[in-house]
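Here is a short report on the packing, aromatic contacts and pockets of one protein model. The sequence and structure come first.

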Amino acid sequence: MKRLIFTILLLLGLGVALYKLTVIVSLSLLERPVVLSQSLPLDDKGRLLWSIERGSTLSGVNKKLHQLNIIPHPRLLTLWAMGFDKQSIQAGEYWIEPEDTALSLLRKFNLGQIVVYKITFPEGWNFNQWLHYLAEIPQFSQVASMGHKALLKALNIDIEHPEGWFFPDTYSYSKNNTVFDILNQAHRRMLVELDDAWQSRASDLPYKTPYEALIMASIIEKETGLASERSAIAGVFVRRLLKGMRLQTDPTVIYGMGDRYQGNLRHRDLQQKSAYNTYRIDGLPPTPIAMPGAASIRAALHPAQGSSLYFVARGDGSHHFSDTMSEHNQAVQHYQIEQRAQQYQSAPNNQ
C-alpha cells in the first residue's frame with residue numbers, strides 16, 4: 001500500500017514537473033519577438049498595420065501571421081488561448097511592433113487595442129466642406145456621391161437642412177466606423193451644446209427658438225475669429241434685431257451666393273434678392289451659414305451689453321465698433337478706404 005501511494009505521488013510529481021516544463025517552454029516560444037521582415041509594408045517606425053476583419057477567428061489570424069513568418073508557432077498560441085479562455089478577438093486594425101511577441105499580440109487582439117484615427121472639423125466650416133473633407137478619407141469616400149437629403153435619411157436625422165447641426169471638434173474613429181458614425185456623433189454633440197446654452201441664456205433676446213440662436217451663432221462664427229470679440233459682435237446684431245434694423249452682414253450674402261462667390265463681394269451682389277441677403281431681408285436668414293463652435297453659441301445667447309450698432313474690420317483681424325452711422329462712416333474711411341487692408345467691407349455698414 002505504501003509503495004502504491006509512493007508511486008502515485010511520484011507520478012503526480014512528475015506530472016506537475018512536466019506541466020511546469022511545458023509552460024516554461026511554451027512561454028519561451030510565445031514570448032520571442034515577432035519577425036517583421038523588410039519585405040512587409042512597414043511604416044517609418046518599423047511597424048506593420050495588421051487588419052482583422054469581422055468574423056475572423058483567432059486560429060485563422062494566427063495562421064495568417066505564421067504564413068508571413070511573423071510568429072513561429074500558431075497552433076501553440078491558439079492552444080494557449082484556449083487554455084486561458086482568451087480566444088475572443090476584436091475586429092479592427094492593429095499595429096504589430098518590433099518589440100511585440102505572440103502573447104502581446106494575443107493581448108492586443110483580446111483587448112481590442114485597435115488603431116484609432118482622428119479627424120478635426122474647424123469652427124466655421126459649412127456642411128459641404130465637412131463632406132469634401134470626409135470624402136478624402138478612403139473609408140468615407142461614399143459620402144461624395146450622396147446628396148444632402150439622402151445623407152440625412154441615412155443618418156435618420158429629422159431636420160430639413162443640415163447646415164449648423166454638426167458640432168465642430170476632433171472626433172476619433174477606427175476602420176470599423178462609417179461616415180454615419182462620425183456625423184451622428186457630431187450631431188448629438190451639437191444638440192447637447194445648443195440645449196445647454198439655451199437653458200442658461202440671457203433674458204430679452206430676440207430668438208423664439210434654439211434654432212434661431214444657432215443661426216445667429218453661425219453668423220458670429222463667420223464674422224470674427226477673435227474670441228474676445230464674439231460677444232461684442234453678438235451684442236451689435238442683437239441690438240439691431242431688437243430695433244428692427246437689418247443685420248447687413250457679408251457672410252450671409254456669401255453663403256447665399258454659393259459657387260458664384262469667387263472671393264470678391266461686389267456692390268451689385270449686395271443688391272441681389274436672396275433669402276440669405278441680410279441687406280435685403282429683415283431678421284435672420286432661414287438657416288445657419290456654418291457650423292458654430294461653443295464660444296459662438298455662448299456669445300449668441302450671452303451678448304455683450306453696450307450701445308454699438310455698427311462695426312468695421314480694422315485689417316488685423318479685429319473690428320472697430322461704433323454707436324452712430326457718422327462714426328461708422330469715419331471708421332470705414334480710415335480702415336477700409338485709406339488703409340485698403342480689407343477687400344470688402346464687413347457689415348453692417350448702413351442704416
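Ser-322 is buried, with a relative accessible area of 0%. The model is predicted, and this value is computed from it. Ser-322 belongs to strand 6, residues 319–322. Beyond its neighbours within four places in sequence, Ser-322 is in contact with Ser-308, Leu-309, Tyr-310, Glu-327, His-328 and Ala-331.

**Helix 12**

Helix 12 spans residues 294–301. Six of its eight residues are buried, so this helix is largely enclosed by the rest of the structure. The buried ones are Ala-294, Ser-296, Ile-297, Ala-299, Ala-300 and Leu-301.

**Nonpolar cores**

The largest nonpolar core has 53 residues. Leu-134, Phe-166 and Tyr-207 have the most contacts inside this core. Two or more residues come from each of helix 5 (127–135), helix 6 (148–155), strand 4 (170–173), helix 7, helix 8, helix 9 and helix 12. Helix 7 supplies the largest share, eight residues.

Leu-134 shows what such packing looks like in detail. Leaving out residues up to four places away in sequence, Leu-134 touches Ile-119, Phe-121, Phe-140, Val-143, Val-179, Ile-182 and Leu-183.

A second, separate core has 23 residues. Ile-52, Trp-80, Tyr-94 and Ala-102 are among them.

**Aromatic rings**

The model holds 14 aromatic pairs. In one of them, the ring centres of Trp-80 and Phe-84 are 4.9 Å apart. Their planes meet at 35°, so the pair is tilted: the angle falls between the stacked limit of under 30 degrees and the edge-to-face limit of over 60.

Are the two partners buried or partly exposed? Trp-80 is buried, at 17% relative accessible area, because buried means under 20%. Phe-84 has 47% relative accessibility and counts as partly exposed.

One aromatic cluster is formed by Phe-121, Trp-125, Phe-127, Trp-130, Tyr-133, Phe-166 and Tyr-171. Phe-121 is also one of the residues that Leu-134 touches. Phe-166 is named with Leu-134 for its contacts in the largest core.

Two arginines each place a charged end over a tryptophan ring, as tabulated here.

| Charged residue | Ring | Distance to ring centre |
|---|---|---|
| Arg-47 | Trp-95 | 3.8 Å |
| Arg-201 | Trp-198 | 3.9 Å |

**The second largest pocket**

The second largest pocket has a volume of about 310 Å³. Its lining has 13 residues. Closest to the pocket centre are Asn-126, Asn-128, Tyr-255, Gly-258 and Asp-259. Helix 5 and helix 10 (250–257) each give two or more residues to the lining. Which element gives the most to this lining? Helix 5 does, with four residues.

Asn-126 sits in the loop between strand 3 (117–120) and helix 5. What does Asn-126 touch, not counting residues up to four places away in sequence? Its contacts are Glu-163, Tyr-255, Ile-289, Ala-290 and Met-291. Tyr-255 is again one of the residues closest to the pocket centre.

Definitions and conventions
Residues numbered from 1 in each chain as written. Predicted model: local features only at pLDDT ≥ 70, side-chain atom pairs only at ≥ 80, totals over all residues. Heavy atoms only, no water. Buried < 20%, exposed > 50% of the residue type's maximum accessible area, 1.4 Å probe, protein only. Core = buried A, V, L, I, M, F, W, Y, C linked by side-chain atoms within 4.5 Å. Contact = heavy atoms within 4.5 Å. Phe/Tyr/Trp six-rings, centres within 6.5 Å; stacked < 30°, edge-to-face > 60°. Lys NZ or Arg CZ within 6 Å of the ring centre and 35° of its normal. 1 Å grid on protein atoms, 1.4 Å probe; cavity = no way out; pocket = protein on both sides within 12 Å on 5 of 7 lines; lining within 4 Å. Points joined across faces, edges and corners; volume = space filled by probe spheres on them.
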